[in-house]
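Hi everyone, thanks for making the time. Please have a look at the model on the screen, and I'll talk you through it.

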Amino acid sequence: MKLAGKFALVTGASRGIGKACALKLAELGADVAVNYSSSKVKAEEVVSLIREMGRQAVAIKADISKQEEAEALIEETIKSLGGLDILVNNAGVARDSLLIRMKEEDWTKVLDTNLSSVFFTTKSASKYMMKKRRGRIINISSVVGVSGNAGQANYAASKAGIIGFSKSVAKELAPRNILVNVIAPGFIETDMTDALTEQQKEGILSVVPLKKYGKPDDVANLAVFLASEESKYLTGQVINVDGGMNM
Ligand SMILES: NC(=O)c1ccc[n+]([C@@H]2O[C@H](COP(=O)([O-])OP(=O)(O)OC[C@H]3O[C@@H](n4cnc5c(N)ncnc54)[C@H](OP(=O)(O)O)[C@@H]3O)[C@@H](O)[C@H]2O)c1
């Protein structure tokens, strides 16, 4: 198996894209820490599915928007699994509204959860990975971080921030054999996109050349490739998984 003997942490792995990444990493042989903030039962279900595959798994509760909890998550992962080779920064939230109606708390919530969290976990994990002289960091951004989107100034800013952060860190960590890449999904069917109105969903579909929504596995398949030895010469890249929305 491609990822046998590797230890992975996926943030926000109780549902959606994070869950798909955790399961796919385990399918390929990795042991996986499943982070969640409130969905304990769902996270434990993911852990059970991974253990049924014969891999080690652990559910770890941590609100990654808080520095102490994000740092403790990295420590707990290394302690429970025995190491950390692959970090998938996936957890994220949206609090959409037009700029003139956007409350400061919605700005802060989205920036803290989607962007500051990536700084906290990446900084902590890279200290460990630098000593090992290897590591893979995969950050989940969004097509709107590249293109912007009306009603999502906070979300787009957080996702654009992930791109600038990842490119900078990719340059810093390359000499230590730590590869950092970004996946920018388009419309993927999860709880997050379920919250959109039918009108919004149709609007999105009309600009997707492949004329269908993506599935969590479409993102997870790329994440495991970026985590694997097959991807040795790829760092600092932003790869869209969006049915052709952004070309
Ligand atoms: N779905 C899409 O179309 C799409 C498109 C582009 C980018 N993305 C990005 O892909 C990522 C996953 O999206 P999704 O659609 O799978 O979302 P989702 O179904 O809403 O799941 C979000 C996950 O993030 C976790 N989470 C939220 N806040 C957290 C916090 N403070 N600390 C730790 N975990 C937290 C949730 O944990 P709990 O269950 O415990 O709350 C859950 O596991 C996000 O970064 C999102 O922005 C999604």
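I'll start with the sheet and then move on to the helices.

A word on conventions: this is a predicted model, where local features need pLDDT of at least 70, side-chain atom pairs count only at pLDDT 80 or more, and totals for chains, interfaces and linings use all residues. Residues are numbered from 1 along each chain as its sequence is written. Helices (H or I, at least four residues) and strands (E, at least two) are DSSP runs, numbered from the N terminus.

Seven strands make an open sheet with parallel pairing, in the order 3-2-1-4-5-6-7; two strands pair if DSSP finds at least two bridges between them. At the edges, pairing on one side only, sit strand 3 (57-61) and strand 7 (238-241). Strand 1 (residues 7-10) pairs with strand 4 (residues 86-89) in the parallel sense over three bridges, and V10 has V88 as its bridge partner in strand 4.

Now to helix 4, residues 104-132. Its 29 residues reach 41 Å from first C-alpha to last, close to the 42 Å expected at 1.5 Å a residue, the expected span being 1.5 Å times one less than the number of residues. Helix 4 bends by about 40 degrees at D112, taken as the angle between axes fitted to the seven residues ending there and the seven starting there. Just after helix 4, R133 has a positive phi of about 60 degrees.

Finally, which angle do helix 3 and helix 4 make where they pack? For helix 3 (residues 67-81) and helix 4 the angle is about 35 degrees, with the axes 9 Å apart. Those axes are lines fitted to C-alpha atoms over the stretch in contact, and angles run from 0 to 180 degrees between N-to-C directions.
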